[in-house]
Amino acid sequence: MASLFRSALDLMAQYAAYHRDRRNIATHFIGIPLIVFAISALLARAEFTAAGAPMNAAIVLWALSTLWYLTRGNLALGLATAVVNGVLTALAMTLVHAATTAGWLIIGLGSFVIGWVFQFIGHYYEGRKPAFVDDLVGLLVGPMFVVGEALFMLGWGRGLLDEIEKRVGPTHLRDLAHPI
């Protein structure tokens with residue numbers, strides 16, 4: 001596994017090399033948020049008290065990942081990723097708080113499985129295995145990549161996008177009838 005502490009640019013470019021087919025990227029807009037939501041939902045029931053305050057494992061994971069995103073050298077991207085992950089975590093905690101144990105498991109495990117189904121459909125279009133298979137850091141980069149792609153679509157981060165495409169090429173639609 002390569003270093004956990006590479007820059008946002010290096011992380012995004014490495015991840016993007018596994019995600020050049022536009023259909024793959026599109027499936028990640030569904031799959032990755034579902035997976036983040038699912039992990040938060042499953043961890044939300046691991047509750048404890050820290051310094052007299054109620055806490056759970058989902059909040060701890062969100063806080064630790066936020067610190068990581070904010071220290072990758074691109075504050076705007078890190079902050080946007082932390083906010084999106086925070087919203088997904090808050091939504092998951094709200095939904096599972098009122099759920100029965102069976103409901104909690106259905107929400108958490110169901111979202112997790114559906115999220116991964118979308119991921120693997122996308123990688124069928126890509127014709128390449130997911131990035132995390134070669135580098136587990138890809139599991140952290142996925143949410144940042146999706147947020148970055150959304151921001152690129154909104155016109156933010158043109159320089160970052162240009163540098164990523166300089167390193168790994170533009171997005172495309174792979175010809176499934178005549179694969180390389």
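**View 1. Helix 5 and the nonpolar surface patch.** In this predicted model, helix 5 (residues 101–126) contributes four residues to the nonpolar patch, the largest share. The patch, which covers about 460 Å² of the surface, is made by I39, L61, F112, V113, V117 and I121. I121 is found in helix 5, and because its relative accessibility is 39%, I121 counts as partly exposed.

**View 2. The largest nonpolar core and the contacts of M144.** The largest nonpolar core comprises 32 residues, among which M12, L77, V141 and M144 touch the most other members. At least two residues of this core are supplied by each of helix 1 (8–16), helix 2 (22–44), helix 3 (57–70), helix 4 (75–97), helix 6 and helix 7 (158–168), and the largest share, seven residues, comes from helix 6. In soluble globular proteins, nonpolar side chains tend to be buried together. When neighbours within four places in sequence are left aside, M144 is in contact with A8, L11, M12, Y69, L77 and T81.

View 3. E149 is found in helix 6, which spans residues 138–153. Although E149 is buried, it has no salt bridge, and the nearest side chain of opposite charge, that of R20, is 5.0 Å away. That separation of 5.0 Å is beyond the limit of 4 Å within which a side-chain nitrogen of Arg and a carboxyl oxygen of Glu would count as a salt bridge. With residues up to four places away in sequence not counted, E149 touches I25 and F29.

**View 4. T171 in the segment after helix 7.** T171 is found in the segment that comes after helix 7. Not counting residues up to four places away in sequence, T171 touches R20, R22, I25 and E165; one of these residues, I25, is also touched by E149. T171 and H28 are 143 residues apart in sequence, whereas their C-alpha atoms are 14 Å apart in space.

**View 5. A51 in the loop between strands 1 and 2.** A51 lies in the loop between strand 1 (47–50) and strand 2 (53–56). Although A51 is not a glycine, it has a positive phi of about 55°. Most residues other than glycine have a negative phi. A51 is also classed as exposed, because its relative accessible area is 90%, and the cut-off for this class is over 50%.

Technical notes. Residues numbered from 1 in each chain as written. Predicted model: local features only at pLDDT ≥ 70, side-chain atom pairs only at ≥ 80, totals over all residues. Heavy atoms only, no water. Buried < 20%, exposed > 50% of the residue type's maximum accessible area, 1.4 Å probe, protein only. Lys, Arg positive; Asp, Glu negative; His and termini not counted. Contact = heavy atoms within 4.5 Å. Core = buried A, V, L, I, M, F, W, Y, C linked by side-chain atoms within 4.5 Å. Patch = residues over 30% accessible without salt bridge, like charges linked within 9 Å, V, L, I, M, F, W, Y side chains within 5 Å. Areas by Shrake-Rupley, 256 points an atom, 1.4 Å probe, with all protein chains shown as cover.
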